[in-house]
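Please examine the structure below with attention to its side-chain contacts. The questions that follow take up charged and aromatic pairs in turn.

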Amino acid sequence: MIDAVESSGALSKALANKKVVLCLGSGGVGKTTASAALALAMASTGERVVVLTIDPARRLADALGQKGSLGNEPTRVEGSIIDGLAGEVWAAMLDPAETFEMVVRSEADDDVQAERILSNRLFVNLTTSLSGTNEYMAAERLHQLHHDGRFDRVIIDTPPSHHAMDFLDSPGRLTRFVDHRLYRSVFAPRHQLLRPLNVGTRVVMRVLARLVGSSLVDDVVTFFADFEGMDAGFRRRASEIEDLLAGPDTAYLLVAAARRDRLEEAKWILGNLERRHRSVDGVIVNRVLPFDPGAAEALAEAELSPPLARNLRELASLARQEAALIDRLRQFVDAERPPPEHEERVPLVRLGEQLTPVHDLTGLVEMAKAL
Amino acid sequence: MTAELLAASNVLIVAGKGGVGKTTVGASMGIAAARAGCDVLLIELEGYSRLGSFFEGSMLAYDEVELETGGLELAGRLRARQVRPDDALADYLDRAGLGPLTGRLTRSGAMEVVATAAPGIRDLLALGKIRQIEQAGSADLIVVDAPAAGHAMTFLTAAAGLARSTSSGPVRDQADRVLEMFGDASRCQVVLVTLPEETPVTETIETAYGLEEDVGIKLAPVVINGVWSRIAGLGEAVETASDSTSLAVQAARYRMARMADQESEIGRLAVELPLQQVRLPYLFRTELGVAELATLAETLTDQLSLTPS
C-alpha cells in the first residue's frame with residue numbers, strides 16, 4: 001500500500017505567510033520544475049510571484065514554456081493557462097556581473113569611484129569566475145526583488161546543495177572580508193598611515209606575491225582602497241539579508257528524489273539547515289514512480305504474458321524501494337523537527353514522475369495542483 | 001577503442017550534471033580497468049564522499065586507501081583518495097618550501113585573500129595535485145570525479161583563467177603545467193556522463209562544446225547512464241491484452257513512453273555531439289553497491305572491447 005500522502009493543502013498552508021521561499025536540493029531532483037510549479041500554485045490564489053533561478057541553463061525558461069531567454073530583470077510569464085490565473089508569474093535568471101554592477105553603482109559616492117572599481121581586474125575576476133560569487137549575488141538579488149513592490153513573493157531556485165549552503169552563508173562574505181584584520185592592516189592604507197605594517201603581515205604579503213605574482217597583489221590593494229567608503233552600505237544590506245533569511249518571512253523547501261544518494265544529500269542539507277538554526281518548512285519528493293508497489297506486485301503474480309509480467313515486476317520492485325526511501329526521509333525529517341503537540345508535521349508531498357518534460361504548461365499546472 | 005582509452009590516457013576526468021551518476025560511472029570504469037589489469041586510483045574532489053559508500057563504507061581521506069570490493073576479483077589494484085583544495089594547498093606550500101608558513105597563512109585569513117585575488121586558485125591547486133600524482137606514475141589510470149554541473153566548467157577552466165591573469169610565479173607555472181597535461185590526449189581526457197533525458201542531454205552538448213572551445217581538452221566517448229532496456233514483445237502484449245485498462249497495461253504504456261523519449265534523446269545526442277556513445281543499463285535499484293558496479297563495469301568492458309588480462 002502507498003503510504004498516506006499528507007493532504008495536498010498542507011504545503012500551501014505551511015508556506016502561506018512566507019514572502020520568500022528557498023527551494024533547496026541536490027542536482028537532478030527537478031528543483032527548477034518544482035520552483036516553477038510552486039510559482040503557478042501561488043499565482044493561482046492571486047499572488048504576484050517572481051521565480052529567480054541561479055542556474056544559467058535554460059531550465060526555468062523551458063519549464064515555464066518561455067521561448068526567449070530570461071535575464072536579470074524579471075519577465076512576466078504569459079500563456080493561455082497563466083493568463084487565466086488570478087495572480088502573476090514572473091521569472092528571472094541571475095546575472096551575477098550585472099547584479100554586482102548595480103550594487104556597486106548604487107553604493108558608490110560617484111561615477112568615478114564606480115568606474116574605478118568596475119574596471120579593476122580583481123572585480124572582473126570576482127564577478128566572472130570566483131566560485132561563491134553567484135551565490136553572493138543571488139542573495140543581493142533576492143534582497144532587491146523582496147523590496148520590489150511588483151511582487152508579493154519571491155521563490156529562489158538555489159544552486160545544488162553545497163552551493164546552496166554558500167548562498168545561506170554569503171550575505172556577510174564581502175563585509176567579513178573587508179572587516180578582516182589582514183585587510184585592515186594591509187588593504188586599507190588610509191587607515192594605516194600612522195602605523196607601519198607589522199612583520200607578520202609583511203611576511204604574508206611577500207608569500208602572496210611569490211604565489212600569485214606581485215601585480216595581482218597590487219590589484220587587490222587598489223581594489224580595496226577604491227572600495228573604501230562603500231563598506232557601510234554593503235554591511236547594512238548584508239545584515240538585512242541575514243535577518244530576512246533567518247526571519248519568519250522566509251521558508252525553506254527541500255526538494256528531493258527517491259534515490260539513495262539523493263536522499264543522503266537531502267539529509268546533509270537538513271543537517272546543515274539545523275546547524276544554521278533554520279528548519280525546513282516543507283519537503284517535495286519529486287519524480288516518484290507513479291505506481292502502487294503493492295497492487296503491482298499482486299498483479300505480477302497473476303496470469304500475465306511474460307513481457308507484461310517482467311515489466312510490472314521491474315517497476316513494482318523500483319516503486320517498493322522508492323516507498324521505503326521516502327519513509328526513511330519522512331522519519332528523518334520528523335526526527336530533525338519533531339512535531340510539537342499543537343503543531344503539524346512538516347508536510348511532505350510526493351510528485352509523480354512526469355514522462356514528457358514539462359514544457360507546455362499543462363504538465364506544470366498538474367504539478368501545481370498537486371502542491 | 002577504450003582499451004586504448006583506458007590504457008593510453010593516464011587521467012580520465014568524469015564530468016556531468018548533478019544526478020546523472022558521475023560517481024557511479026567513474027567507479028565502474030575503475031573496476032573495469034582494474035579487472036583488465038590496470039592499477040587504478042579514483043580521486044574524489046569534494047569533501048562529501050559518495051564514492052566510499054559504494055565500497056562497503058571504505059573511508060576516503062587525503063591518503064590513499066585500498067577499496068573494499070568484497071569478493072570481486074581484480075587483476076590490478078583499486079585505490080581511492082580525496083584531493084581537497086585546502087589539503088592540496090598545504091601540500092603545495094610544503095613542497096614550495098613554505099611549509100612552516102601554512103598555519104600562519106591559514107590563520108591570518110591570507111588564504112581567503114589569495115582565493116579572492118586569484119579566483120580558481122583552489123581548483124588549480126587540486127588540478128596541480130592531480131597532475132603531480134599522474135607524473136609520479138604510481139597508478140596506470142587515474143579516474144577523477146569532477147565537480148557537478150556548471151562547476152565542472154569552472155573547475156576545468158581554472159588553469160586557463162589563471163594563466164591569463166598571472167604573468168609569473170609558482171601559480172603561473174602550475175597553471176601552465178596543468179594546461180600542458182590537458183592539451184595532451186595521451187595524458188588526460190574528459191568523459192562526459194549523461195542520462196537519456198532532455199535536460200542532461202542538452203547540458204552535455206553545451207558542456208562538450210564549451211570544453212572543446214575553452215579548455216581544448218580531448219573528449220572520450222560519452223557515457224549514457226541509466227538506459228532502460230527494451231522488453232521484447234511488450235508492444236504486442238499491450239495490443240493483445242484482454243483488459244486494456246489494467247495496471248499491467250498502464251505500466252507497459254509507461255515503459256514504452258519512457259523508451260520512446262529515451263530513444264529520441266539518445267538520437268538527438270548522436271546528431272548534435274558526434275562522439276562514440278557507451279550505454280549503461282538502468283538497474284532498477286535505488287541503491288548501488290559493488291555488485292551493481294561490477295555489472296556496469298562488465299557492460300563498459302563489452303562496449304569498449306577491453307580484454308581482461
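**Side-chain contacts**

A:Arg150 is partly exposed, with a relative accessible area of 31%. The model is a predicted one.

Q: With which residue does A:Glu73 form a salt bridge whose closest N and O atoms are 3.0 Å apart?
A: A:Glu73 lies in the loop between helix H3 (59–63) and strand E3 (75–76) of chain A. Its partner is in the loop between H8 and strand E5 (153–157) of chain A, 77 residues apart from A:Glu73. The residue that pairs with A:Glu73 is A:Arg150.

Q: Is A:Glu73 buried, partly exposed or exposed?
A: The relative accessibility of A:Glu73 is 44%. Buried requires under 20% and exposed over 50%, with partly exposed in between. A:Glu73 therefore counts as partly exposed.

Q: Which residue meets A:Arg150 in a salt bridge of 2.8 Å, N to O?
A: A salt bridge requires a side-chain nitrogen of Lys or Arg within 4 Å of a carboxyl oxygen of Asp or Glu. At 2.8 Å, N to O, the side chain of A:Arg150 meets that of A:Asp148.

Q: How many residues apart in sequence are the parts tied together by B:Arg79 and B:Glu64?
A: The side chains of B:Arg79 and B:Glu64 meet in a salt bridge of 2.8 Å, N to O. B:Arg79 lies in strand E4 (residues 78–82) of chain B, and B:Glu64 in the loop between helix H3 (51–54) and strand E3 (65–66) of chain B, so the pair ties together parts whose separation in sequence is 15 residues.

Q: Which helix holds A:Tyr136?
A: A:Phe100 lies in helix H5 (residues 96–107) of chain A, and the pair ties together parts that are 36 residues apart in sequence. A:Phe100 is buried, with a relative accessible area of 2%, and A:Tyr136 counts as buried at 5%. The helix that holds A:Tyr136 is H8 (residues 133–146) of chain A.

Q: Over the ring of which residue does the charged end of A:Arg237 sit?
A: A:Arg237 is linked with A:Glu107, A:Glu140, A:Arg236 and A:Glu240 in a network of salt bridges. At 5.1 Å from the ring centre, the charged end of A:Arg237 sits over A:Phe234.

Key: Residues are numbered from 1 along each chain as its sequence is written. Chains are lettered from A and ligands numbered from 1 in the order in which they are written. This is a predicted model: local features need pLDDT of at least 70, side-chain atom pairs count only at pLDDT 80 or more; totals for chains, interfaces and linings use all residues. Side-chain values use heavy atoms; hydrogens and water are left out. Helices (H or I, at least four residues) and strands (E, at least two) are DSSP runs, numbered from the N terminus. Buried means under 20% relative accessible area, exposed over 50%, partly exposed in between (1.4 Å probe, protein chains only). A charge sits over a ring if NZ of Lys or CZ of Arg is within 6 Å of the ring centre and within 35 degrees of the ring normal.
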